[in-house]
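Please have the model open while I talk, and I will go through it region by region.

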Amino acid sequence: MESLNKASLLLLPLLLLSLLSHSHGGGIAVYWGQDVREGTLAETCNTKNYQFVNIAFLSTFGNSQTPQLNLAGHCIPQNNGCNGLSSDITTCQNGGVKVFLSLGGGAGSYSLNSAEEANQLASYLWDNFLGGQSGSRPLGEAVLDGIDFDIESGGSEHWDELARALNGLSSQRKVYLSAAPQCIIPDQHLDSAIQTGLFDYVWVQFYNNPSCSGNANNLISSWNQWITVPATQVFMGLPAAEEAAPSGGFVPSDVLISQVLPQIKQSSKYGGVMLWNRFYDLQKGYSNSIIGSVN
């Protein structure tokens, strides 16, 4: 019996190591900027709940339009009205949070009509939000970590060329790329961009599409398709409250923790969970409920 106990003690660390090797830690990404009631960007980062924050949105660009931010009342971009966000961005980054600018969104006026427009937009983003220089940086002098593609209209062409152009600028300073496709695969707008293999993070919107959202079976089935795309990490994007996804897809936190996360965390591409959005998370505390299980 003593020898068996010794053998068991020897095997225990190996068992724990095996379990850990098949489970991958992750973080939470969140969208901020579309409801003034959600608090400041610095307050969002200071919760310590988020590893990534997407500033939403640059909702007007392309088709010869002047690019415009829409931050829903947080600040007015004209006449340097959003420059004060620079210190908030720095606060986030000093706390280990990566801050991205999200392009597009569900409502806006955006498209790319040519490779030339894609390259022009990449240059604009570099000079005004990333590592370049401009006299009119809308968010001040802080340098964002990357660009998020939340493209829900505006056609399917030239987003791959935008991704390549932004990636080319990484030789000067790393530009992280993320994408937020719908869960129906392939995504109507972003498939060609994702297939470039240049995206560091793909946070799939597992909501508003009943065939690939709403319950554990749908989520896991769709997840297993998405982890085949050429991306470094894949995130499960979810609404932080029922009200956040009018077309459905809310998953109670206990279901996510008990039925979904144990399955998806087995993938080497598991990156964590993305939440839409900070306002609903602030109201309902979804990230507080899941953060211990996402990691």
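Ser64 counts as exposed, at 74% relative accessibility, where exposed means over 50% relative accessible area, buried means under 20%, and partly exposed is what lies in between, with a 1.4 Å probe and protein chains only. This is a predicted model, in which local features need pLDDT of at least 70 and side-chain atom pairs count only at pLDDT 80 or more, while totals for chains, interfaces and linings use all residues. Residues are numbered from 1 along each chain as its sequence is written, and side-chain values use heavy atoms, with hydrogens and water left out.

Ser64 is found in the loop between strands S2 and S3, the latter covering residues 65–69; helices here are DSSP runs of H or I with at least four residues, strands are runs of E with at least two, and both are numbered from the N terminus. Although Ser64 is not a glycine, its phi is positive, at about 65°. Lys48 is another residue other than glycine with a positive phi, in this case near 65°, and its place is in the loop between H2 and S2. Lys48 is exposed, with a relative accessible area of 57%. As background, most residues other than glycine have a negative phi, and most peptide bonds are trans.

One joins Ile185 and Pro186, with omega about 0°, and Pro186 lies in the loop between S7 and H6. The peptide bond from Trp276 to Asn277 is also cis, with omega near -10°, and Asn277 is found in the loop between S10 and helix H9, which covers residues 278–284.

Let me stay with S10 for a moment. How many of the residues of strand S10 are buried? For this strand, residues 270–276, the count is 7 of 7. S10 pairs in the parallel sense with strand S1, residues 27–32, over 4 bridges, and also in the parallel sense with strand S9, residues 233–239, over 6 bridges; two strands are taken to pair if DSSP finds at least two bridges between them.

S9, helix H8 (residues 253–264) and S10 together make a right-handed β-α-β unit, right-handed meaning that, with the strands pointing away from the viewer, the path from the first strand over the helix to the second runs clockwise. Within helix H8 we find Ile264, which counts as buried at 0% relative accessibility. Leaving aside residues up to four places away in sequence, Ile264 touches Trp223, Met236 and Tyr270, a contact being heavy atoms within 4.5 Å.

Next, helix H4, residues 115–128. At 1.5 Å a residue, its 14 residues should span 20 Å, and its end C-alpha atoms are 20 Å apart, which agrees; the expected span is 1.5 Å times one less than the number of residues. The buried residues of H4 are Glu117, Ala118, Leu121, Ala122, Leu125, Trp126 and Asn128, and what covers them includes strands S2, S4 and S6 and helix H5.

On to the disulfides, of which the structure holds 3, a disulfide being a pair of cysteine sulfur atoms within 2.5 Å. With bonded cysteines counted along the chain, they follow the pattern 1-4, 2-3, 5-6. Cys45 is joined to Cys92, S to S 2.0 Å. Cys45 lies in helix H2 and Cys92 in helix H3, so this pair ties together parts that are 47 residues apart in sequence. Both Cys45 and Cys92 are buried, and their link is right-handed, with 90° about the S-S bond.

Cys75 is joined to Cys82, in a right-handed link with 105° about the S-S bond. Cys75 is buried at a relative accessible area of 13%, and Cys82 is buried at 1%. Cys183 is joined to Cys212, and the torsion about their S-S bond is about 70°, so this disulfide is right-handed.

I will end with the record. UniProt, in an unreviewed entry, places the feature "domain: GH18" at residues 26–295; its positions are given in the numbering used here, feature names are shortened, and annotations may be inferred rather than shown by experiment. Over residues 26–295 the chain is 31% helix and 23% strand, and the end C-alpha atoms are 5 Å apart.
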